[in-house]
Amino acid sequence: MAKLVPRPELTFWERIYFVEIFKGLATTFGHARRTLTNPAASITLMYPEVQPDIPRDYRARHRLMKRPDASPRCVACYMCSTACPARCINIVAEESPDHHIEKRPAKFEIDLLLCVFCGFCVEACPCDAIRMDTKQAILAGDNRADFVVDKAKLMDWDPKDYPDTDVQSQKAPGGKLHAQALEEFKSGTYH
Amino acid sequence: MLPELNAILGPIYFWLFAGLATLCGGALLLCRHPIQGAVALIGVMLSLSGLYALLHSPFLAVLQILVYAGAIMMLLVFVIMVLNQGLDDRIPRFDAYSLIGLALPVLLAALVLNTIGDSRSGIVEHAGTVRAGLETVAARMFDTAGGGWWLLFEFGGLILLAAIVAAVMLAKRSLDTVADDDQPHHEHAGHAERAAAVAAIPDAATVGRSTETFVKPPVAGTH
Amino acid sequence: MSHLDPIHVQLLAAVLFALGLAVTLTRRNIFFLLMGVELMLNAVNLSFIGFARTVPGDASLTGHLSPLFIIAIAAAEACVGLAMVICIVRNRDSLDSDAYADMKE
Amino acid sequence: MEFNDIVLMAIKLGLVLIPFMLVPLLILMERRGAAFIQDRPGPNRAAIPIFGLRLRGFGLVHNLTDGIKLFFKESFVPPFAYKPFYLIAPAIPVMTAVLTPSLIPWFAPISYAAANGVVTVAPSFFDANAGILALFALGSLSVYGVVLGSWASNSKFALLGGLRASAMMISYEVSMGLGALGLFLVVGSFSLTSIVEWQANHVWGIVVQPIGFLLFLVSMFAECNRNPFDVAEGESELVAGFHTEYSSVKFALFMMGEYCHIVVASALIATLFLGGYHLPWLDTVAIKTHLGGVLAGVLAVTALLFLAIAHLVHGRRKQYATLAASDRAARSKEYGFFRALFVLAGLACLGGAVASWLLVKPQALDLWHEGAKVYPLRWSLLTAALQIGIVLAKTLFFCWLFVWVRWTLPRMRYDQIMSLGWKVLLNIALVNLLVTAVIAKAVQS
């Protein structure tokens with residue numbers, strides 16, 4: 001049963017309607033005057049010059065996480081492409097040279113034109129290999145092919161763009177924790 | 001300069017407007033769709049308004065546009081637009097009786113033209129005519145001292161009032177069907193209750209929100 | 001001012017009246033019937049105003065006043081006529097004047 | 001007919017084009033006004049690159065680009081449209097918009113000494129006795145643009161929009177006429193010139209007929225299809241209403257007709273109820289006798305306006321300097337240019353004010369015409385120009401009111417509009433008319 005919202009009882013002056021019109025006019029004129037005299041009051045972002053501040057947990061373009069030796073963390077398990085409702089992830093697996101790891105992606109493509117940015121792939125990934133925290137929310141391209149991002153492009157990110165608290169990113173090549181992580185990696189204690 | 005110009009332009013304007021009026025009248029006779037006819041008739045009205053202005057009757061010229069073109073024809077066009085959804089294509093323009101019907105006006109026109117031609121000398125312009133401006137007409141119409149037309153004016157008003165009432169009575173489906181959706185249903189009018197109330201009104205579903213908007217009912221069920 | 005021959009005005013009025021009559025008598029669509037009547041009324045108006053120029057002084061005003069009442073009556077006629085058309089179209093679902101011939105039977 | 005007469009006639013013919021000239025300003029007002037009311041900066045991107053500056057002209061360049069786009073777009077006619085009416089329809093509102101300003105008195109009658117005595121020039125192009133009736137008649141014709149356009153488009157949305165619009169416009173014409181009728185009853189004339197003269201001699205119409213003024217104003221909003229009565233377009237319900245099927249130049253004509261209608265309606269409200277070219281304590285005689293002072297005052301006010309704009313531009317420039325803008329230099333240069341322009345214009349106006357205060361001392365001729373001294377033609381023309389300015393100022397205020405109300409009030413539902421028109425406004429108008437008639441009769445006798 002829908003909730004019944006009682007209509008507010010109008011007073012006599014509200015019924016006359018004209019007084020309320022003038023109140024509304026005063027409000028809008030106040031806004032107009034404020035924006036005219038003080039341009040800083042305008043809430044518009046001067047877009048191309050000023051970029052919007054996108055939070056880190058905004059679901060933006062994907063990236064593939066990297067191991068300390070710059071190989072992708074992805075093990076080509078197809079969990080993400082199975083979870084994907086838009087079926088925009090195309091993975092081709094191949095055998096991994098590392099005997100600890102069974103498979104690795106030979107091809108990892110995401111068609112951003114199909115992607116609905118739901119984040120299910122990130123949820124589904126068992127080894128934190130795919131993330132959507134690149135802050136690249138505004139995607140532009142000249143043709144459809146530009147929107148199909150491949151493995152190289154997905155892995156082309158800089159640890160310096162990510163906060164120190166993001167340990168996983170800092171362990172990738174170039175990150176603050178990379179040297180230490182590489183040692184662990186070589187000694188086999190890395191996980 | 002202006003009077004001389006007027007002497008030349010006056011007849012030109014007259015023939016212009018006369019030609020336009022005749023042309024539009026012919027178009028009214030021949031055109032297929034009522035809206036085309038209405039536009040042709042508006043053309044007649046506008047050119048007649050020009051003629052009235054030429055014939056020293058500026059007030060009637062304005063009134064012709066205001067009342068005829070602006071109100072009556074507007075109403076006609078409006079009703080045509082509401083009613084004629086695909087109805088007009090089924091009606092032939094003329095039928096066999098039309099030819100007989102055409103004979104009468106032709107006869108009449110011939111008769112009138114003949115009569116006017118005969119009494120040509122009787123109809124000449126009189127020098128002492130009055131220019132019927134707004135003030136002149138109003139002064140004559142409401143001359144209560146005698147010779148005024150104010151009583152007739154009142155009767156005209158009464159007839160218009162009666163016409164309004166008659167039109168409302170005729171066009172309303174039935175006088176009870178007042179679909180008052182503009183009243184706030186703020187008490188306890190739940191959806192079911194309201195639907196029952198609407199269903200109680202005969203034909204409310206076909207009439208829609210308001211009966212005054214002349215919504216055409218579906219064919220089935222109305223006969 | 002210009003010198004218009006009142007005869008020409010009367011001729012035009014006669015032509016328009018004949019046209020209006022022809023429309024009313026020949027056309028089958030009910031709207032055309034109404035419009036034909038309007039055209040005839042207009043022709044009469046024109047005739048009145050044309051004749052107003054042939055009589056002297058105060059009497060000529062009569063020619064200018066009569067059309068006022070004709071216009072008022074025409075407005076009333078259009079109003080009631082259109083309401084009747086709406087009423088009948090609702091019942092008959094037709095704009096053909098033949099569909100309105102019930103009174104015959 | 002002398003040379004002067006022909007020149008004056010040409011000037012009056014030029015005044016007929018005022019609504020057209022105000023259309024770009026009105027569109028700018030609409031866009032920037034809407035933006036400022038909604039805390040946005042408004043359109044500010046289109047620019048003309050010239051001499052290393054990117055001149056944006058406060059958004060006026062957007063109008064220019066819009067115009068260029070609309071006029072050079074393919075003039076498309078839908079295959080299902082009824083072509084003759086489809087093509088004629090957009091011309092009808094524009095036609096009425098051209099004809100109606102010729103009835104509005106833009107200045108007081110000018111009288112000047114000619115070779116054959118004192119000549120008086122009527123203030124409007126047509127000074128008909130039934131002036132306001134002619135205006136209403138032409139206004140009622142503009143409905144046909146909507147009706148024919150919507151019918152000829154042969155589309156459901158257009159037809160519904162046209163039906164709603166025409167029904168609304170017919171309905172509100174009644175209360176518009178009745179609202180203004182009280183004023184005519186008081187004044188005793190339908191001639192716009194004598195209405196303004198009456199207001200100059202007595203009080204403004206808004207004082208005599210406040211209810212009539214409100215009725216007329218509300219009805220004018222409906223006649224112009226402006227926002228509380230915006231059902232003709234009804235973007236949220238009807239795509240775009242009666243001009244759904246229109247594009248390119250024909251759409252532009254509809255839009256232009258609409259804005260011209262707003263200007264004419266504003267001028268009409270100003271003329272009927274706000275004294276037209278008359279200001280309190282500043283009637284024609286007062287302006288003529290103190291022409292230098294009045295001119296100086298007007299120029300001083302204009303100068304203040306320019307300086308205020310320069311100040312605003314300066315504020316924008318300062319604000320923009322704090323932003324991380326990629327083309328900050330270009331913006332700064334542009335704002336600097338405009339600031340300099342407006343400062344210069346303001347200073348010029350101040351100089352003009354001082355000069356006119358000192359130099360403009362018109363001498364009346366030794367001629368009397370209708371109880372007033374006759375001045376040489378040039379001073380009469382200057383007075384007329386000032387009065388045109390007064391009318392335009394009032395007109396622009398009402399134009400702004402149209403924009404202001406549009407972005408304040410929500411659109412009304414169609415049945416609410418109809419019941420407001422027929423059940424509220426009409427009744428108020430009738431009672432107002434009756435009361436006015438009784439009072440007018442009592443005062444008269």
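Across the interface of chain B and chain C, five residue pairs are in polar contact, both residues at pLDDT 80 or more. A polar contact is a pair of N or O atoms within 3.5 Å; within protein, one must be able to donate a hydrogen and the other to accept it, and residues adjacent in sequence count only if both atoms are side-chain atoms. The model is predicted: local features need pLDDT of at least 70, side-chain atom pairs count only at pLDDT 80 or more, and totals for chains, interfaces and linings use all residues. Residues are numbered from 1 along each chain as its sequence is written, chains are lettered from A in the order in which they are written, and side-chain values use heavy atoms, without hydrogens and water.

The count of salt bridges between chain B and chain C is zero (side-chain nitrogen of Lys or Arg within 4 Å of a carboxyl oxygen of Asp or Glu). By class, the side of chain B that touches chain C has 65 nonpolar, 20 polar and 11 charged residues (nonpolar: Ala, Val, Leu, Ile, Met, Phe, Trp, Tyr, Cys and Pro; charged: Asp, Glu, Lys and Arg; polar: the others, Gly among them).

In chain A, three strands form an open antiparallel sheet, ordered β2-β3-β5. Strands are DSSP runs (E, at least two residues), and two of them pair if DSSP finds at least two bridges between them. β2 (89-95) and β5 (148-149) of chain A stand at the edges; each has a single partner strand, so one side of each lacks a neighbour in the sheet. Seven bridges join β2(A) to β3 (residues 103-111) of chain A. N90(A) has E109(A) in β3(A) as its bridge partner.

Technical notes
Helix = DSSP H or I, 4+ residues; strand = E, 2+ residues; numbered from the N terminus.
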